[in-house]
Amino acid sequence: MNQPPDMTKKQKLWTRDFILICAATFLIFCGFQILMPTLPKYAATLGADKKMIGLINGIFTIAAVSFRPFIGRELDLRGRKGIYLGGLALFFLAVLGYIWVPTLFLLLALRLVHGLGWATSSTAAGTIVADIIPPSRRGEGMGYYGLFSTLAMAIAPALGLTLIPNYGFSFIATLSLILTAGAFLAGYAIQLETRKNQGLDSRPPGGKPSVFDKRALKVSLVMLFMTLSYGGVVTFLPLYAEERGIANIGPFFTIYALSLMVTRPVAGKYYDRKGPNHVILFGLLSIFFSTVLLSQASALPLFLISGILYGLGFGSIQPTLLALAIQGIEPQRRGAVNGTVMSAFDLGIGVGSLSLGLIANALGYSYMYLISSVTALIGLAIFFFWPKPAATG
């Protein structure tokens, strides 16, 4: 008896559509990340104090967390491409508004639109790539897909900070517009199957499917606890480094990004061959040891070793969790599952920044990072001790 084709021949990963969604993701992440360090500077010129700048960043995250689950359901009901392009269009309109916005109130309104556009486009992109990647290479594909966003994160913030002193924020926003337009064109060129062929016509009896899918709960909780410490790393590390007498902590983020880039595809391939257990164990322990080391770091070399460990951990876990979340999930529920997991990602960063900031204010940065290391162990316990579903039949 002949074996199925996917067992006898390696399925193709680098298809035209996969390349296009990776290119679109790289461009939109560049457009997003180039604004991240420069928008607060622009807000300050409009009269924003530290609390207002926090609100400007916070309302973006609130929008993303609030809308993702509903976006996921709509992706399952209405298909992927139109919602994806609609999200990119909202992103484009928000950035266009940044160029001329005259008041902080309007800037807050634009951030809400921007958050909705980001939540829509990124949730849709993650669902599209899950449809495109062949099941036998899902871990590898998710690893390479994540590599493009990581590359953008390594390039775009530094580029924005380099350009803004000489060219101003309007130039940065215009560059973000161009990058977003490129992402839209790449997304438009993707040739997705019809809704029927994607398996999106199945609906539960009596109406719309639920916004959340309980099958995503375990992965979402692990993702949440993984990103709690990440919120502290990205928010407070420059201040902590200055406290330790290190004027430029930029090399930490560079070596962290390089570790991510190396780890993602390797971890993805391992997941496809051996499953998630070893990858999750390695990744969460790497994050644990990284944050413990960070709490004791007093010189740049220790910070850099911590950055390598954190990059290895984060780069291993994120694509593994994204691949694991949709394993065995029917196409008509992938949007809801992806929306739930990505909401946990956003929520972890937001809650981590807020809660760890309170801890740092009370106990200092060193104790804050030591306490944050425990979140990786909690994620590890959830993954390995989560009750298995009861057998049926």
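Colleague: Patches are made of residues with over 30% relative accessible area and no salt bridge, where like charges are joined within 9 Å and nonpolar side chains (Val, Leu, Ile, Met, Phe, Trp, Tyr) within 5 Å. Which residues make the nonpolar surface patch of about 370 Å²?

Modeller: This is a predicted model, in which local features need pLDDT of at least 70 and side-chain atom pairs count only at pLDDT 80 or more, while totals for chains, interfaces and linings use all residues. Residues are numbered from 1 along each chain as its sequence is written, and side-chain values use heavy atoms, with hydrogens and water left out. Accessible areas come from the Shrake-Rupley method with a 1.4 Å probe, and for residues only the protein chains shown count as cover. On that basis, the patch of about 370 Å² is made by Leu 363, Tyr 367, Leu 370 and Ile 371.

Colleague: Which helix gives the largest share of the nonpolar patch?

Modeller: Helices (H or I, at least four residues) and strands (E, at least two) are DSSP runs, numbered from the N terminus. Tyr 367 is found in helix α15, and the largest share of the patch, 3 residues, comes from this element, which spans residues 365-372 and is named helix α15.

Colleague: How many disulfides does a search of the whole structure find?

Modeller: A disulfide is a pair of cysteine sulfur atoms within 2.5 Å. The sulfur of Cys 22 has its closest cysteine sulfur in Cys 30, and because these lie 13 Å apart, they are too far for a bond. Cys 22 is buried, at 1% relative accessibility, and Cys 30 is buried as well, at 7%. Over the whole structure, the number of disulfides found is 0.

Colleague: Is Thr 291 buried or exposed?

Modeller: Buried means under 20% relative accessible area, exposed means over 50%, and partly exposed lies in between (1.4 Å probe, protein chains only). Thr 291 lies in helix α12, residues 277-296, and, leaving out residues up to four places away in sequence, its contacts (heavy atoms within 4.5 Å) include Tyr 369 and Leu 370. With a relative accessible area of 0%, Thr 291 counts as buried.

Colleague: Which residue has its backbone oxygen 2.9 Å from a polar atom of the Thr 291 side chain?

Modeller: A polar contact is a pair of N or O atoms within 3.5 Å; within protein, one must be able to donate a hydrogen and the other to accept it, and residues adjacent in sequence count only if both atoms are side-chain atoms. For Thr 291, the backbone oxygen at 2.9 Å belongs to Ile 287.

Colleague: With which residue does the side chain of Asp 131 meet in a salt bridge of 2.7 Å?

Modeller: A salt bridge is a side-chain nitrogen of Lys or Arg within 4 Å of a carboxyl oxygen of Asp or Glu, and the structure holds 9 of them. Asp 131 is partly exposed, with a relative accessible area of 22%, and its partner at 2.7 Å, N to O, is Arg 334.

Colleague: How many residues apart are Asp 131 and Arg 334?

Modeller: Arg 334 counts as buried, at 12% relative accessibility, and its salt bridge with Asp 131 has an N to O distance of 2.7 Å. The pair links distant parts of the chain, with Asp 131 in helix α6 and Arg 334 in helix α14, and their separation in residues is 203.
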